[in-house]
Amino acid sequence: MQQPSQPDQPISAESFPTDPTGLPEATRPQLQELADGDLLDLRIGAVAKRLGDATVRMLGYNGSIPGPTLKVQQGSEVIVHVTNDGDLEGTVHWHGLRLENKYDGVPHETQTPIPVGGDFTYRIRFPDPGLYWYHPHIREDYTQEMGLYGNILVVPADPDYWPPANQDVLLTLDDLLIEDGKIAPFSPVETTYTAMGRFGNVLLISGEQDYSLTAAAGEVVRLWLTNTANTRVFNVTLPGARMKLVGGDSGRAEHAEFVSQVILAPSERVVVDVLFDQPGQLELQHRTPDRAYRLASITVTGDPATPSLAERFGELRTAPELAAEREFFDTWLEAPPDKTLALIAEMDDITAPGQGPVIYGCPMHPEVTSDEPGRCPKCGMKLLATAVATVYACPMHPEVTSDQPGRCPQCGMKLLVTALVSQPAGREPSTAPHGDHGEDHAHGDGDGHGEGHSHGDGGGIEWEDDMVAVNRLTTPANMRWKLVDRTTGAANAAIDWQFTEGDRVKIRLVNEMDSDHPMHHPFHLHGAGRFLVLARDGVPEPNLVWKDTVLVRTGQTVDILFDVTNPGLWMAHCHIAEHMQSGMMFSFTVARNQGAGR
Ligand SMILES: [Cu+2]
């Protein structure tokens, strides 16, 4: 196997450029309908993006954030000529597509990175209907946060594949970390925020802070949702309208199902149909156990929908191709796993002071302290050492610290007792999105979509960054995320799985609590195939859908059945950008099946 793509080549600059002066303003994504054999030019370049009163420098495909939406026919192939005028070398990964290996966009393994000023031509195929997306695969923590993502809608060959809908609305769900009117700084040489991933404090829905849409009373709107955030998990609800789950990562669901909320981990897709039965003003929301955030405002007008699909909305269809998979389901459920992969973290004592007395505390639970190293009884996280001394710091300028109370010389703000020291490894206010869209609603009571079971309040999901001070200091050097093959003991790039085209492989993903920082991970497999979730914590998956990413909650065990179809060298990784960048990935090979005649 070739050298893994980590670490990325450092570039020699103090920081990435941040000045938006003179740049074209980011536009909204264009819909690009492409026929078989069509050519699309896709240019990566800098744009100026207005966010409230601030204008920041971001990156876009063809000048828009998100990039253009590609609408293509199932079974077709298109040619995409990519020009890189971005900030660093790049590739384009076509997420979820089972395509030819050499166009998968994995740097060094399947293609040479496209240098700044260079170009590359991809031929991409669409064997499966549904919703997919594209994004870079180098310094994804930076490039994806900067706006490099776009959707692909693959129209099924079977016109009756989806139930009828009046309109299609594609929404990318993202967040961006803004500090002092600027995008929080990135290091060009290393990924930061590797513990929790970089949570944003501004939500961007299809690139907009205030997304709005209009529907007619009685209309059925199909919402095509993609989570393009670095680490934030979204729980989408639409109070006042009926919502029907119809599809997921790769195509339709086994059963259409009425739901009150849908959860999307980074890179996951969900397709829901929504019936707006009466005129009024509604809000699409992201609900955590503590808060509700507005994702979009929806105006439902009094004009009657044409045609009226209200009646047919009540139909709950079953997909025959997935019903067929049910026939063998019990056999796979009972079979021992072919591969077992543990998801764990190793964290250095990054807050450890050099000398003097120390106490140990949990960064997530400041009330938990101990005289000795150990783990937090509440969340299992490694207790971090801190000096028993008080340090004061400016909340706006973390570089300003003092051992005395006082005021910040830069902004005059009162220095606060910090996190890091006085309260062991302490807790700061989280980076919960605020401002226009961070509306505090009544307590969401989390009426459970029924996925998996819960560990702690968040259901095994870190909904916000509750340890900002520590998180900011974590890098691949002091925080190592690992995928460990429990059979061979190999970790990350040392894992050497080999499959053959046509294989079906049962993989067990174990998110171990015995880890320095137990946390959820969205596990992604590249286009060597696609998989079904068999069971979560032993509970058989009630509604199947073909997937490329599965959320493995804290402490959870998820069994998947991987249908291996495409030969080549493919990646498996956590889709929290900062976790992948800190090494939580490996590649595996799929040999061509000589007898398959493909
Ligand atoms: Cu992860």
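**Entry 1: T237**

I began with T237, which is buried at a relative accessible area of 6% (buried means under 20%, exposed over 50%, partly exposed in between, with a 1.4 Å probe and protein chains only). I'm working on a predicted model, where local features need pLDDT of at least 70, side-chain atom pairs count only at pLDDT 80 or more, and totals for chains, interfaces and linings use all residues. Residues are numbered from 1 along each chain as its sequence is written, and side-chain values use heavy atoms, with hydrogens and water left out.

Leaving aside residues up to four places away in sequence, I found T237 touching M243, S260, Q261, E283, L284, Q285 and R287 (contact is heavy atoms within 4.5 Å). T237 sits in strand β16; strands are DSSP runs of E with at least two residues, helices are H or I runs of at least four, and both are numbered from the N terminus.

**Entry 2: the sheet around β16**

I looked up what β16 (residues 234–237) pairs with, and β19 is an antiparallel partner over three bridges (pairing takes at least two DSSP bridges between two strands). Across that pair, F234 faces L264 in β19.

The sheet is open and five-stranded, in the order β14-β22-β21-β16-β19, with mixed pairing. β14 (211–217) and β19 (262–264) are at the edges with a single partner strand each, so one side of each has no neighbour in the sheet. From one strand to the next I get an average twist of 25° (axes are lines fitted to C-alpha atoms, for helices over the stretch in contact, and angles run from 0 to 180 degrees between N-to-C directions).

**Entry 3: D465**

Next I checked D465, in the loop between β29 (416–417) and α5 (468–473). D465 is buried at 1% relative accessibility. Its side chain has a polar contact with the side chain of N471 at 2.7 Å, and the D465 side chain also reaches the backbone nitrogen of V468 at 3.3 Å. (A polar contact is a pair of N or O atoms within 3.5 Å; within protein, one must be able to donate a hydrogen and the other to accept it, and residues adjacent in sequence count only if both atoms are side-chain atoms.) I also noted R232: 233 residues from D465 along the chain, with 9.0 Å between the C-alpha atoms.

**Entry 4: the copper ion**

Which residues coordinate the copper ion? I found H521 (ND1), C574 (SG) and H579 (ND1), at 2.0 to 2.1 Å (donors are N, O and S atoms within 2.8 Å of the metal, or 3.2 Å for Na, K and Ca; water is not among the atoms, so sites may look incomplete). H521 is in strand β33 (residues 521–525) and C574 in β38 (residues 568–574), so this pair ties together parts 53 residues apart in sequence. H521 is buried at 1%, and C574 is buried at 2%.
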